[in-house]
Each structure stands twice: as structure tokens, then as C-alpha cells.
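Here is a brief report on selected local features.

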Amino acid sequence: MAFGTLLGQIGPVFAVILLGALLSRFDRFGESAAATLNDLVYYLALPALIFHSTATSDLSAGIPLVALLVAVGVLLVAYGLGALVAFLARIGGREANAVGLVAGWGNVGYMGIPLTTAVLGPATALAASLVSTLHTALAVSIFLVVATLVDHDRTDGHPTRGTLAITLARRVLGNPVVVAIVLGVVVAVFRVPLPGPVSSTVGLVGDMAAPGGLLALGILLRGALPALRAGRARFAGIVGCALVKLVVMPTLAIGAVRLFAVPAPWAAVLVVMSALPDAATVFVLTAQYRTWYRESTAVVVLTTVGSVVTLPLVLSLAL
């Protein structure tokens with residue numbers, strides 16, 4: 001991969017985060033402004049982005065089942081390893097779930113799809129969109145289910161199965177990201193054409209997701225710095241999580257696509273998606289549940305910086 005291509009994708013990410021950090025020096029762009037931006041991204045812009053990319057996918061070329069199974073397996077292992085890192089760093093159960101999310105869910109939407117098509121060609125757009133959707137749906141669903149179970153156990157002690165099932169259904173099926181994925185898949189499967197004005201409007205709203213999330217992340221970045229100095233446990237959790245995301249997960253992907261003979265171009269797409277740094281979306285989701293969200297901002301920055309080195313190396317081994 002050409003360094004200029006990678007820098008062209010990562011550079012603007014840093015620029016917007018830096019802009020948010022600079023704005024945080026002004027009172028009107030404090031944590032309340034970041035919270036408003038976070039809500040805008042979580043409830044409106046991000047669902048629009050995911051729905052639009054999923055609904056406009058062309059499924060006529062066929063989808064190899066082995067590729068989807070490998071994508072699921074790699075993400076589940078990375079999520080589990082993230083939770084293991086949290087356990088070893090003595091990070092609590094509720095936060096351990098967030099560490100797993102951050103370790104397994106990369107920047108598959110904002111960076112993954114455009115980077116994949118730029119490096120591997122436009123023919124990989126379908127594979128990139130579907131792997132991005134699968135990673136997002138699985139990671140978000142696991143996080144929401146575990147968070148619901150932990151919160152219920154804390155607040156209700158021993159909730160009835162009916163109460164727990166209702167809460168799970170409301171949190172998972174009512175989550176705006178999950179709703180966007182389901183609606184997008186339905187539109188794509190049944191080939192429902194989106195009217196031009198509707199598609200343009202949804203796409204325009206979705207375009208706010210990346211800058212809005214990155215700005216909010218930058219505004220709260222100053223608050224994340226103490227997490228790096230808050231003792232060995234938190235520092236170990238942040239660094240361990242970043243290593244799982246940048247080193248372990250792509251290594252698992254390379255081994256899996258070779259072991260299970262995943263066909264091209266799906267194999268290359270799976271490796272690229274697994275090697276991506278974290279996105280502002282992990283901060284957006286963890287901030288909604290007020291769990292490990294300041295630390296997640298540090299992981300986003302750390303993995304984004306590190307990916308300048310790890311991404312070209314991973315791709316040179318895989319392609």
C-alpha cells in the first residue's frame with residue numbers, strides 16, 4: 001500500500017480530532033457540546049450512514065458463506081481477547097465489556113470502505129460494505145446484550161426472564177444502529193430502489209457521522225489524558241486493547257483466510273477490515289453507556305497513530 005494513500009485516509013481523521021481538541025479550550029465547546037454532538041451522531045447520522053451503505057449494496061454477485069463465518073469468528077475472538085485484557089488488568093465486568101468492544105470493532109465504516117475500494121479496487125465495494133455491516137451489527141449487539149445483563153443484575157438483583165427479555169429486545173432491536181442495519185439489509189435483499197431525493201438526503205445526513213463523532217472525540221480528548229496517568233491498570237488496559245486491535249486481530253484474519261481458503265477478493269477485504277484502527281463510533285457507543293469512554297478515546301488515537309505502521313505491514317503480508 002502506498003504511504004500517501006494511507007496518509008490521505010488517516011490525515012483528515014487526525015485533523016478533525018485536533019480541531020475538536022482546540023475547540024475544547026472555549027467554554028461553548030465543553031463537554032455539553034460534545035454530548036450534543038454524540039447524540040446527533042448516535043441517533044441520526046450514524047444510522048443514516050449505515051442504512052445508506054447497506055441499502056445500496058449490490059447482492060447479485062453472490063456472497064461466500066465461508067467469508068462471513070470467518071468475519072464473525074475473528075471478531076468474536078478479538079472481542080473475547082479484549083475482555084481477557086480487561087480481566088488481566090483488573091478492569092471491572094461492565095467496563096470489560098467496553099474493552100472487548102473497543103478491541104474488536106474497527107473503523108470499518110468511515111475508513112474501511114473507502115480505504116478498501118481505493119487500495120483493492122471498486123469491485124470490492126460489496127464485500128467491504130457487507131463485512132462492515134456484519135462487524136458493526138455483531139459488535140454492537142454483543143455490547144448491548146452484555147451491558148443489559150450486567151445493568152439488570154446490578155439494579156434488579158434477580159430479574160424475571162420476562163422482564164429481562166423485554167429489556168434486551170428494547171435495547172437491541174430498538175437501538176438506532178441495529179434498526180438501520182436491519183432496514184438496510186431488507187432494502188438490499190428485496191432490491192427496493194431508493195428515490196433519488198431520499199437517497200441523497202439520507203446520504204447527506206450520514207455524511208455528518210464521521211466529522212461529528214471525531215469532533216466530539218477531540219473535545220473530550222483532554223479528559224482522556226488522565227486515564228493514561230491513572231495507574232498501571234488503566235494504562236495496561238488501553239495498551240493491551242490497542243495491541244489486540246492492531247496486531248492480534250489482523251494476524252487472526254490472515255491465518256483464518258488462508259486456513260479456510262476464503263476466495264478473492266473477500267480474503268483481502270477481511271484482512272483490511274480486521275487491521276483497521278478504532279473509530280470515533282466506539283467512543284460514541286461507550287459514551288452513551290458511560291463506561292470506559294474516556295479510555296476509549298485514548299485507544300482511538302493510539303490505534304490511529306499505530307495503524308500508519310501496522311496497516312502497510314499487515315497488507316504486505318496478506319496481499
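A residue is called exposed when its relative accessible area is over 50%, and buried when that area is under 20%. The model is predicted.

**Surface patch.** Phe190 has a relative accessible area of 63%, so Phe190 is exposed. Phe190 sits in the loop between α8 (176–189) and α9 (196–206). Together with Val182, Val185, Val186, Val189 and Val192, Phe190 makes a nonpolar surface patch of about 520 Å².

**Aromatic pairs.** There are 2 aromatic pairs in the structure. The table gives their geometry.

| Pair | Distance of centres | Angle of planes | Type |
|---|---|---|---|
| Tyr42 and Tyr43 | 4.9 Å | 90° | edge-to-face |
| Phe143 and Tyr289 | 5.5 Å | 85° | edge-to-face |

Tyr42 has a relative accessibility of 4%, so Tyr42 counts as buried. Phe143 and Tyr289 are both buried. What does the pair of Phe143 and Tyr289 tie together? Phe143 lies in helix α6 (residues 125–156), and Tyr289 lies in the loop between α14 and α15 (293–318), so the pair ties together parts that are 146 residues apart in sequence.

**Helix α14.** How many of the 9 residues of α14 are buried? The count is 8, and the helix, which spans residues 280–288, is mostly covered. The buried residues are Ala280, Thr281, Val282, Phe283, Val284, Leu285, Thr286 and Ala287. Arg290 follows α14 and has a positive phi, near 50°.

Note on methods: Residues are numbered from 1 along each chain as its sequence is written. This is a predicted model: local features need pLDDT of at least 70, side-chain atom pairs count only at pLDDT 80 or more; totals for chains, interfaces and linings use all residues. Side-chain values use heavy atoms; hydrogens and water are left out. Buried means under 20% relative accessible area, exposed over 50%, partly exposed in between (1.4 Å probe, protein chains only). Helices (H or I, at least four residues) and strands (E, at least two) are DSSP runs, numbered from the N terminus. Rings of Phe, Tyr and Trp (its six-membered ring) pair if their centres lie within 6.5 Å; planes under 30 degrees apart count as stacked, over 60 as edge-to-face and the rest as tilted. Patches are made of residues with over 30% relative accessible area and no salt bridge: like charges are joined within 9 Å, nonpolar side chains (Val, Leu, Ile, Met, Phe, Trp, Tyr) within 5 Å. Accessible areas come from the Shrake-Rupley method with a 1.4 Å probe; for residues, only the protein chains shown count as cover. A salt bridge is a side-chain nitrogen of Lys or Arg within 4 Å of a carboxyl oxygen of Asp or Glu.
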